[in-house]
Amino acid sequence: MTIFYTLIMLYCNRMRGISYPSVRYKRIEWINLDHARKHDIDAIAQVFGLNEQHAQSLCTRDHRSHVYEGNGYTLVCLVHPIFDQAADDIQARELDVILTPTRLVTVHHGHLLPVSARFQNVSANPSALEQPVRMFGELLHDLLVDASHTIDHISTSIDAFEGALLRRPGRGSIQQILQIQTNVIDAKKLLENQRYMVDRLLLGQPERVRRSVAMRFDEIRSHQAELSHILETELQAAQTLHHVLDASINERTNALIRALTILSLIMLPATLLAGIFGMNAAYPWILGAPFDFSIIIGIMLLIGALILFLIRSKKL
């Protein structure tokens, strides 16, 4: 009955001019909405009978991956890291996936090239279309390969920064290493959420489905764990470079202070002599007094000795 209602709704939507790129093989169908618009999402939510909360999740952007179980469907909100070379920044792209026993619906919030490429390949060879959960596993594999390329970009940035740091850190080095650390943390956070999402997705599937996709999802878990380990290593490398940069900046600052101190010590005798011999001894109680010059020198020595005594007594 649910399948019949879905077919009727899809037919009515096409009659209203709302069509979806799709590929079908036997009873399995994949609908792919790239750069989905609001009315497309509303129509899909109506066709598959999504409740209000799940329909709202399709329209809003999430910051981490979720899995929702509905009446006859599973909704997966997958947040994936994408490297923006122009901005040198990790951006989160969301892919919403509706899974039923015979249908797979992918809704892009921003273009995801691996998903579009897989859809084009399946469109050219419909016999490659498999059971929806298994097909979703293939999409996860493609996204993890894409995440590996993203991590390669991060590693390249770390290597380039390390080379520049060994030569001589320039202006903007602090901002650059902070950006690298932020990229690693963002990628690690998004991929960690995907690991928990996979476990929760499989828990909601029938035992027969879990057994049929167990091997593929074990590979996906292993790949996710490998990427997480690589990101942890890259984060430690970025933090180490940050410490090295801080030490380099401190060393340069100390060298500058040392140079200024040496310059001050060199100039101190000349400054002191100029001050002493430039005095007129024009104070009323000293003016004209015998040994007025010696009195002033004595007062200066007395004040200096008092300051030295106070410093030693306070152990400053």
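**Entry 1: a pocket lining**

I sorted the lining of the second largest pocket and found six nonpolar, eight polar and two charged residues. (Ala, Val, Leu, Ile, Met, Phe, Trp, Tyr, Cys and Pro count as nonpolar, Asp, Glu, Lys and Arg as charged, and the others, Gly among them, as polar.) I noted that this is a predicted model, where local features need pLDDT of at least 70, side-chain atom pairs count only at pLDDT 80 or more, and totals for chains, interfaces and linings use all residues. Residues are numbered from 1 along each chain as its sequence is written, and side-chain values use heavy atoms, leaving out hydrogens and water.

Helix H7 (residues 207-277) gives the largest share of this lining, three residues. (Helices, H or I, are DSSP runs of at least four residues and strands, E, of at least two, numbered from the N terminus.)

**Entry 2: the sheet**

Next I traced an open sheet of six strands with mixed pairing, in the order E1-E2-E6-E5-E4-E3. (Two strands pair if DSSP finds at least two bridges between them.) At the edges I found strand E1 (22-25) and strand E3 (66-69), each pairing on one side only.

I then looked at strand E2 (residues 28-33) and strand E6 (residues 103-109), which run parallel and are joined by five bridges. Glu29 stands opposite Arg103 in E6.

**Entry 3: a helix on the sheet**

Finally I saw helix H2 (residues 38-47) packing on the sheet, where the helix touches E2, strand E5 (89-99) and E6. (Contact means heavy atoms within 4.5 Å.) The direction of H2 makes about 155° with that of E6. (Axes are lines fitted to C-alpha atoms, for helices over the stretch in contact, and angles run from 0 to 180 degrees between N-to-C directions.)
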